[in-house]
Every structure is written in structure tokens, then in C-alpha cells.
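Here's a quick briefing for anyone opening this one up for the first time. Have a look at the display, then read on.

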Amino acid sequence: MLAIKSPRAYAHEPGLRARTGEFIKPYATHIRIFTSPRAWQAVYPQLTQSLETCGIRWEIEYLHGECTDAAIDTLKSNLQQQQAELLLAIGGGRVLDAAKAVGSQLPEITVVNFATVAATCAAWSPVAIIYDAQGGHVRSQPLGKMPELVLVDSEVIAQSDVRYLKAGIVDALAKYYEFSPYLRHNPHDLALDLKVMTAQRALDVYRQHGAAAVLANQQQQVTPELVKVIDASIVLAGLANSVRDVLPTPGFAHAIHNRLTHQPELHHWLHGEKVGYSLLVQSLIEHDGEPDAALLALLRQYDMPLTLAPLHGDRRAAIRSIAEQIKFPAASAERLPFRISADALEKALLATENAF
């Protein structure tokens, strides 16, 4: 059975923060805002002025750490105590994922996601990524309910650190490199076809407009190229993740990423940077020690880390430990055209010690 989970609507325009109230008013007049201090600075005061103009009452709550089970429980409790009708999440992946998780547990609550960076497809993706308090991956939680709206203001993203845009590009192009290998053993899978086609379209956008979008972000300018890249990173990548079938096709690079989140020395890497490094490891396994040249060029173009940061203790032993602790479903591994093992992972991780 093929299923596609997606938000009901997506709105992206420069200056949208000043019109947020117009989008929310049809759903609620009493809302809770969930955000981070940095994200709130990016939309204030235009967003609150818009809410007040539309007669919308609001209370605000900040996420200061990770998207944890404890943070989700706290937000859920505060929403119920406030008796809010709608949850407006404003920020990056941690904020948006926590809001999606709460929305899935409260059927009566409408969720609206306002992405302030294009660093992941979290605003759209049908899962919430749950971490522990130290930033280690705990699980990827499927959502029972999707956000009603996804809102994007390209002026806000243009003013954000370009590192987020680069990481988001790599996180999105990873979908093509993660999903397309499954086609070799599963050429007649419609869901897989749709995932790969959508991911391929995002990759095409980056090849055509990525460099210009990065320049626009560096200059804090909204351009057609930046708009196209933002849409590719949120909508196309999110849609590729949204197509599901009875046979799971998880991304192998993301499985490597999940283990890297437990390495405290890598905590300063963004999600997409960990994924970029993990794509290199996957490529080394897939191509017998020689990374895909086109992929390597993209990783270099977007300044992804190509070797591990300094690790505590014996480096060789730490790398072996990482390789042994990377988890990937056996049923999914059987559908891939390359073999996954701790030995293969260790060999690929060690190969990144050389300059690429």
C-alpha cells in the first residue's frame, strides 16, 4: 500500500512573518507559540503585530535544548493547561519536531510550522526526531497527524547564517543518494520511484541554482535562486520522505548520522553536516573505497566535513566503536546492492582519515 503524508498547505513568500495572523485566524484566536530565543528574534516584532491585528491571543514558550521526550511532555502539558486551540512552532528542526510530536498526541490541536532556517526538511517531514538531553539520537517517531500549514519567510532565511542553508542542501540531496541504490534490486516499486524522482528534482535544483542561492544568502538577499533552493530543501526533500510503502527504505547515511550524534566531539556539527560526512562513508562502502565523484564535488562545494573531528582517547578504537554501534534494519539492508557490516563501516570510516 502506498501512502503519502504531507501538510495540508505550504506558503512561502518574503515578508510572510508580517502576515502570519492572516494564515492562523481561520483556525484559532487563542494560540501557543513554541520557539527558540534566536528564532523568535528573527520574526519579532512583525509576527506579533500581525497576530494582534488579527485579534489572536498568544502565550510563548521557549525550547532551550534538544527535542527530548521531556520537552515534548512539558509542551503538551502547557498546551492543555492554556487550553490553546493552535500550536505555532517557529524555528528549526528541534522546535518543529517537538511541535509535530505534540500535535500527534493531541488530535484537537492544530499545528502550524514556521521554518526560520532551511537546514532540514523538518517543517514538512512526517517524522519527529527525538534526542536525549546530550543531543544523541533516540528514535525517529512517525507522526499520526501532520501540520496543517508550513510557513516560510525567505527574508528570514536570507538573514540566517549561510551554514544552515548549506547543511540543508546536503541533507536534502542525501535523499537521492540514499534512496536510488534501492532501485537496483526493486525496480518496480512505485513508492520508491516517487521518492527517487522527487529527490532527483531537488538534486537538479542544487546543481542549477545552489551556488547562486548560497551567494544570495551570504549577501542577505532574496533571489529567485534562493527561493528555489529553499523550496527544494523543505518541500521536495520533505515530500521524498513522505512517500511510504509496506517495504521500508530508510536512508543508510542517516543511520550513520544517528550514531554520530552520540559522539560529543561532533556535537557542534549541524544535522546536515553529519549527514554529509555519512554520505561520504556510504559512498566508500558502495563503490569499494572510491567515493562517487559527483557526490564528493557537492560535499566540497557546500563545505561539508570530510573527516571526523578529533576524538577523545585512542582514535582507532573510537572509530571501531562507532562502526560497531551503527544500527540499520536487516530487512532494509537486504534490499541494498552493497553489503553492510561493522568491518565495512570501519574500513570506510578509516578511509576518510585520508584527504579527499
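A residue counts as buried under 20% relative accessible area, exposed over 50% and partly exposed in between, using a 1.4 Å probe and protein chains only. You're looking at a predicted model, where local features need pLDDT of at least 70, side-chain atom pairs count only at pLDDT 80 or more, and totals for chains, interfaces and linings use all residues. Residues are numbered from 1 along each chain as its sequence is written, and side-chain values use heavy atoms, with hydrogens and water left out.

**Cysteines**

- There are zero disulfides here, a disulfide being a pair of cysteine sulfur atoms within 2.5 Å.
- Cys67 is in no disulfide, and the nearest cysteine sulfur, that of Cys121, sits 14 Å away.
- Cys67 has 0% relative accessibility, so it counts as buried.
- Cys121 is in no disulfide either, and with a relative accessible area of 5% it is buried too.

**Helices α10 and α11**

- Helix α10 covers residues 252-260 and helix α11 residues 271-286; their axes come within 8 Å and cross at roughly 125°.
- Axes are lines fitted to C-alpha atoms, for helices over the stretch in contact, with angles from 0 to 180 degrees between N-to-C directions.
- α10 and α11 are therefore oblique to each other (under 35 degrees is roughly parallel, over 145 roughly antiparallel, 65 to 115 roughly perpendicular, and the rest oblique).
- Contact (heavy atoms within 4.5 Å) involves residues including Phe252, Ile256 and Leu260 of α10, and Val275, Leu279 and Ile285 of α11.

Terms used
Helices (H or I, at least four residues) and strands (E, at least two) are DSSP runs, numbered from the N terminus.
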